[in-house]
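Visitor: Could you show me how to read ring pairs and sheets in a structure like this?
Guide: Gladly; let us look at it together.

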Protein chains: 2
Amino acid sequence: MNNETGAAPSVPVITIAEAARHAGETVRLNGWLYNLRKSGKIVFPIIRDGSGLMQCVAVKSNLPEDVFEALKGLTQESSFTVTGKIRAEQRAIGGYELDVESAAIFQRVPEDRPYPITPKEHGVDFLMDHRHLWLRSRRQHAAIRVRHEVIKAIRDYFDSHGFTLVDTPIFTPAACEGTTTLFEVDYFEDEKVYLTQSGQLYNEANAMAFGNVYCFGPTFRAEKSKTRRHLTEFWMVEPEMAYADLEDVKRVAEELIVYIVGRVLENRREELKTLERDISKLESVKAPFPRISYDEAVKNLQGKGSEIQWGGDFGNTDETLLTEDWDRPVIIDRYPTEIKGFYFQPDAVRPELALGVDIIAPEGYGEIVGGGQRIHDLQLLEKRLEEHHLPREAFEWYLDLRRFGSVPHAGFGMGVERFVAWMCGLEHVRETIAYPRMLYRTRP
Amino acid sequence: MNNETGAAPSVPVITIAEAARHAGETVRLNGWLYNLRKSGKIVFPIIRDGSGLMQCVAVKSNLPEDVFEALKGLTQESSFTVTGKIRAEQRAIGGYELDVESAAIFQRVPEDRPYPITPKEHGVDFLMDHRHLWLRSRRQHAAIRVRHEVIKAIRDYFDSHGFTLVDTPIFTPAACEGTTTLFEVDYFEDEKVYLTQSGQLYNEANAMAFGNVYCFGPTFRAEKSKTRRHLTEFWMVEPEMAYADLEDVKRVAEELIVYIVGRVLENRREELKTLERDISKLESVKAPFPRISYDEAVKNLQGKGSEIQWGGDFGNTDETLLTEDWDRPVIIDRYPTEIKGFYFQPDAVRPELALGVDIIAPEGYGEIVGGGQRIHDLQLLEKRLEEHHLPREAFEWYLDLRRFGSVPHAGFGMGVERFVAWMCGLEHVRETIAYPRMLYRTRP
């Protein structure tokens, strides 16, 4: 942007994150007022620029009077720019301070309509109504930056392990497993389409073309649940591998999780500190994860007083109980076929078990990975479609994958928001995405 | 996956892309039959594994009779695995061959229902109906791999230039600019929401929190157009920068485009060759791009016989005419306010012009970037909402951004599919995404 502050044009504009590289230099910072302390003839505006915070030191005798008075009168979140010399200062936030040589205010927030989010406690509804502003707060800011790191780590992992990104469609013609949790969209001329719940079926086609693939995008679930783990719109990564089985899913998912946690610890330590996250809980996330069967999990839970019976699905409480014996995620496999999707390959020895696997995060964060091995035999898949009363015609293309070069294949899905909630130690997934969509929340 | 081919367990499973590193070694390949040539007592199956193609050499006298006969009888796209020694062979596709020591067929495609896509010409409708299989074809495969590279390059660019990824919502409550091209979704209890057309308004809020941000996801447009440039569901990246103006948009967009083209040339040269792309056309895409004003563009077009009048929008033919004088994209700025969105900052000297900018790709690929500087003044924005008859209440949150620390800011959007079409030299955007969604196409 053109220089509008009166500073010499040669002054470099930097971000606060870059301050260490410019110690001793005169630079310009563009930002917003985070906080202001006054002490006689000195004011200390803390500037926020989206990359960090820095305390500025404005001395009355060094500045034109109008500039000093303007800084002194700054209100929270007013936008302004300062030019001055960066100086190392151990006691200051971030380790550096800026001695103000000139400044200009872009827009001063007026006293009669001040910035609505103050240090006092606000209710969640109020904060969510002001989500477009709440994102400027330190904790929210930190959570979104952890989210960015998680997403980048996921993509880096697959991109560097020979997986091809193949985006699967959002508009899908047929319901994969019933339409009750699908959002319906009016397409053209009375046609109805549905918003995707999973790219898996398309991934299977893509794996036959590319070997190892992944898709990564928003998915949708019209569930009327109001839990702290559910959003109606959430992001999911789904890898799928040709010539792969259940063991490959466990191996890749474990490696991926360990990799992401390592990246967050490496690059987002400051943010975890802001979020007051107990970092030791993340540092213990190392391979190998405990591996137990569904059978063992049920016995374990019954021993702990759960009322679960063999054949039932784990509830939130069960998931939390299951992980409390370990300091890392737990891998559970071989679930009853009855409670799994139509496409799961049955166990060769005990066909009442599906070769499915879930990974449960510790500390009550629940299922973060679900996947397994898919049926590759045409006749068995046809039989399952019938048993599940699914419309054969809509699945003809999916059956084609078993007609033309079928191979054992397997994959999984991992939801981003739950993963980020776990990393950040957040109680509710609504803070892991900029604009969460829930049963009663579609704004702003 | 467990070893099921009779090869020694120590034989490494590799992909064809890794063959060069294993020359002289015995390895295993998993894949599908791409082509088969027979020559007396030798058969030459070409195996496809999603990472490349490799010719295998199976000599009758070196193999058990049933294995040799099974290979000899392979049909197109049958799935099989081969073990053997990798040998450099300049004349072979990819530069290597595999001397078969053992093999196993997973699923043989039967003669009475052969793989439907044959080397003969098929109509586009037939191919699109078989998109789940068509993706295995070399050209389609190449286009999707170029797409992956484009997407990765975009993310790498922003991630390494201090931009924070902030995903914007797919479900949006209000129509940004009229509802005629919006897809409507039934939310809960008679609520209606719309699928996003752009994350821009949210990006503006995010830029005030993070400085430089980007969003990258699917966007939706319910346009009843049947052109070769339109999809109803397409992916778009949208950066937004605080303390930035029109010139910053031009600079960043130009740098981004040059970076992506460089990455495609560096990493996807084989794919471009498969697509018979004239690579010299991409090699000339270097900074600086020509920069002209809307005024100059209109004069230029009138000189070439176009019937465009000042105040009109450029059609496809105009865009192609405009770029034919140069070998690289053309940057056009300062459009009439009348034909631009309500949110564009007006030119300081000529307020009838909006500080908007489009970048037009050469060779008739049309607009690939659209963006500009946004209004930062509260009163002016309020006036524009009125002039455009937009519901004030739905935009209160957006007005908040001008109340609480407003700053000059700017950004742009770049559609992935058009960019990929340009890179690949494809006539129609439908081949740039795995499962294109168009007016009459929602399957498979």
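**Rings, charges and a sheet**

Guide: This is a predicted model. Searching the whole structure gives 54 aromatic pairs over all chains.

Visitor: What kind of pair do A:Tyr115 and B:Phe404 form?

Guide: Planes over 60 degrees apart count as edge-to-face. A:Tyr115 and B:Phe404 have 80° between the planes and lie 5.8 Å centre to centre, so they are edge-to-face.

Visitor: Why does this pair join two chains?

Guide: A:Tyr115 belongs to the loop between strand S5 (96-107) and helix H2 (124-129) of chain A, while B:Phe404 sits in the loop between helix H12 (396-403) and S16 of chain B, so the pair joins two chains.

Visitor: Are these two residues buried or exposed?

Guide: The cut-off for buried is under 20% relative accessible area. A:Tyr115 has 6% and is buried; B:Phe404, at 2%, is buried as well.

Visitor: And how should I read B:Phe419 and B:Trp422?

Guide: Their ring centres are 5.2 Å apart and their planes stand at 70°, so this pair is edge-to-face. Both residues lie in helix H13 of chain B, 3 residues apart, which is about one turn of the helix. Both B:Phe419 and B:Trp422 are buried.

Visitor: Which rings are linked into a cluster?

Guide: Ring pairs link A:Tyr202, A:Phe342, A:Tyr343, A:Phe344, A:Phe395, A:Trp397, A:Tyr398 and B:Tyr435. One of these, A:Tyr398, has A:Arg402 over its face, at 4.3 Å from the ring centre.

Visitor: Which residue lies over the face of B:Tyr335?

Guide: That is B:Lys340, at 4.3 Å from the ring centre.

Visitor: Now the sheet. In what order do the strands of chain B run?

Guide: The open sheet has 8 strands, in the order S6-S10-S11-S16-S15-S14-S13-S12, with mixed pairing. At the edges are strand S6 (164-165) and strand S12 (291-293) of chain B, each pairing on one side only.

Visitor: In which sense do S14 and S15 of chain B pair?

Guide: Strand S14 (residues 353-361) and strand S15 (residues 366-374) of chain B pair in the antiparallel sense, over 6 bridges. As an example, B:Val357 has B:Gly371 in S15(B) as its bridge partner.

Visitor: Which strands does helix H13 of chain B touch?

Guide: Helix H13 (residues 416-424) of chain B packs on the sheet and touches S10, S11, S14, S15 and S16 of chain B, with its direction at about 55° to that of S16(B). Helix H5 (residues 200-210) of chain B lies across S6, S10, S11, S15 and S16 of chain B, at about 35° to S11(B).

Note on methods:
Residues numbered from 1 in each chain as written. Chains lettered and ligands numbered in written order. Predicted model: local features only at pLDDT ≥ 70, side-chain atom pairs only at ≥ 80, totals over all residues. Heavy atoms only, no water. Pairing = 2+ DSSP bridges. Helix = DSSP H or I, 4+ residues; strand = E, 2+ residues; numbered from the N terminus. Contact = heavy atoms within 4.5 Å. Axes fitted to C-alpha atoms, helices over the stretch in contact; angles between N-to-C directions. Phe/Tyr/Trp six-rings, centres within 6.5 Å; stacked < 30°, edge-to-face > 60°. Buried < 20%, exposed > 50% of the residue type's maximum accessible area, 1.4 Å probe, protein only. Lys NZ or Arg CZ within 6 Å of the ring centre and 35° of its normal.
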